[in-house]
Amino acid sequence: MTLRTLPFLALACLAGPLAAQDASDAARVHESVLTLDTHLDSPANLDRPGWRITDRHDVLHDSTQVDLPRMIEGGLDGGFWVIYTDQGPNDAEGYARALAHALKRLHQIHDFVAANPQSFAIATTAADASRIAATGKRIVYISMENSYPLGTDLANLEAFHQLGLRMAGPVHNGTNQFADSTNGEALHGGLSELGKAWVREANRLGIIIDASHAADSSFDQMLELSRAPIILSHSGPNALHDHPRNLDDTRLKALAAKGGVIQINSLFLSPDKPRPTVEALLPQMAAAADLAPEARAALMARWAAANAAEPRSNTDFNRYMQAIFHCIDLLGVDHVGIGADWDGGGGVIGLNQISEIPRITEALLARGLTPAEVEKIWSGNVLRVMAEVERVASKR
């Protein structure tokens, strides 16, 4: 009898040697499939004095969730490493500052890969993922969360593409020159004219369009305008929790109908809770970069302890899997993936650093997915989208 033929509740109740065997089988499957997460905010940690991606850290010590030792332990082959830029004023000075920040982060990503050629490699095509993984190196695709740094000159998007950018979202928290945001002013009624041109340019270049953080109206227009499938790199289903960052089932079905994928976020799956200790530390965290190394390390330890003591919500591992299962049941296994928002606020009770992700594979198998279907969730679906984006770009 296979895992596929056993009811989920029966699997959940298994104990003793058979359950241990199932866990061993799940570990082998996890090790054998190609695993990618589509939203790693970890490049932001490269600004921390003395912090290195090759050192082992712990979320309970410094609040960081991803590094090379924990990627190896958790079996994460790589993913999309984010150039994140906070939204600022929509004017020439704001654009200039944002561009300088984005270029710095882009170079930091290239720098950590160049400094560790035995462990990491830049990927720019869908085919690169399996080739790099076969060498034992970790895969580094580059993405941009918030295209605000591009200003009003789309030539900047081509420049970032030439330097490895392969996924981009137009907007983050706050409406900008390209699009309305989920939590920003409804200024454009969706995409601006510049935003529509941004979609066309992303298609021309072969950049995956990421609609996470975009207002529903912006999502609708990106889906309509794009000649290639789009993705949600780190979003959730509104059916589990009514939150602006989550999408309703009708829009998720529309995404899937055009070949797109939702990569399931670990945020906003249940109501947020009060966090007085965390909030009290926010002013100090804002000035952390100005502290001496010892003081900064002590503050980071306090910050990590506060976050552990006061989680954002009651969302736990089972709730996260419920979001994944909802989307699989709604859309099918070809349109769901993993984008938990590591080092960007993500993580839940029981799944709080990258070393713990084998639990996801174990739960998928227990639900009845085959190893081939598990690999679709972990990497196959986003790589299919990427290959189609490349095909569309080649026809320009």
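Start by selecting Phe112: at 6% relative accessibility, this residue counts as buried (buried means under 20% relative accessible area, exposed over 50% and partly exposed in between, with a 1.4 Å probe and protein chains only). Before you click on, note that this is a predicted model, where local features need pLDDT of at least 70, side-chain atom pairs count only at pLDDT 80 or more, and totals for chains, interfaces and linings use all residues. Residues are numbered from 1 along each chain as its sequence is written, and side-chain values use heavy atoms, with hydrogens and water left out.

Zoom out for a moment: the structure holds six aromatic pairs. Rings of Phe, Tyr and Trp (its six-membered ring) pair if their centres lie within 6.5 Å; planes under 30 degrees apart are stacked, over 60 edge-to-face, and the rest tilted. Phe112 and Phe120 have ring centres 5.0 Å apart and planes at 85°, so they make an edge-to-face pair. Select Trp81 too: ring pairs link Trp81, Phe112 and Phe120 into a cluster.

Next, pick Phe178 and Trp198, both buried. Their ring centres are 6.4 Å apart and the planes sit at 50°, so this pair is tilted.

Last stop: charges over rings, meaning NZ of Lys or CZ of Arg within 6 Å of the ring centre and within 35 degrees of the ring normal. Select Arg359, whose charged end sits over the ring of Phe317, 4.0 Å from its centre. Then try Arg367: its charged end sits over the ring of Phe325, 4.4 Å from the centre.
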